Amino acid sequence: MTSVAPEMTAPGWFFVDQSTRSGPAIYHYYVIVVIAAIMFVLARLLVSSRVGRAFVAIRESPYSASAAGINVSRHKVYAFAVSAGFAGVAGSLLAIQTPQV
């Protein structure tokens, strides 16, 4: 009876599994949670800023906001750009979660 020693392999240099090219799923989860938390903080900071108060005023009544001196059309373009940025980040998080095309 001869015992065969198990084949030994060298440890990897990176945390990414070379067979999957994207690492274990738990790393994806941590990346998504961190980026989502950053986006949440940015959204909270935006709402409490001067531009965020203008967004709220326009949401409630564009006519009153215009009478208060807020450039309604400019802030609507800002809101569109911010929402496009958040949607782009959400799409990239979805691509991290499901890397198949």
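This is a predicted model: local features need pLDDT of at least 70, side-chain atom pairs count only at pLDDT 80 or more; totals for chains, interfaces and linings use all residues.
In what order do the elements of the protein chain run from the N terminus on? I read off α-α-α-α, and my tally is four helices and zero strands. I took helices (H or I, at least four residues) and strands (E, at least two) as DSSP runs, numbered from the N terminus.

Residues are numbered from 1 along each chain as its sequence is written, and side-chain values use heavy atoms, with hydrogens and water left out.

Next I looked up burial. Of the 101 residues of the protein chain, 12% count as buried, meaning under 20% relative accessible area (1.4 Å probe, protein chains only).

Then I turned to helix 4. In helix 4, I found Val72, His75 and Leu93 buried. The buried residues of helix 4 pack against helix 1 (25-47), helix 2 and helix 3 (62-67).

Last, I checked helix 2 (residues 50-60) against helix 4 (residues 72-97): they pack at about 110°, axes 10 Å apart. Axes are lines fitted to C-alpha atoms, for helices over the stretch in contact, and angles run from 0 to 180 degrees between N-to-C directions. Helix 2 and helix 4 are therefore roughly perpendicular (65 to 115 degrees). On the helix 2 side I noted Val51, Ala54, Phe55 and Ile58 in contact (heavy atoms within 4.5 Å); helix 4 brings Val72, His75, Lys76, Tyr78 and Ala79.

Conventions:
Angles under 35 degrees count as roughly parallel, over 145 as roughly antiparallel, 65 to 115 as roughly perpendicular and the rest as oblique. Buried means under 20% relative accessible area, exposed over 50%, partly exposed in between (1.4 Å probe, protein chains only).
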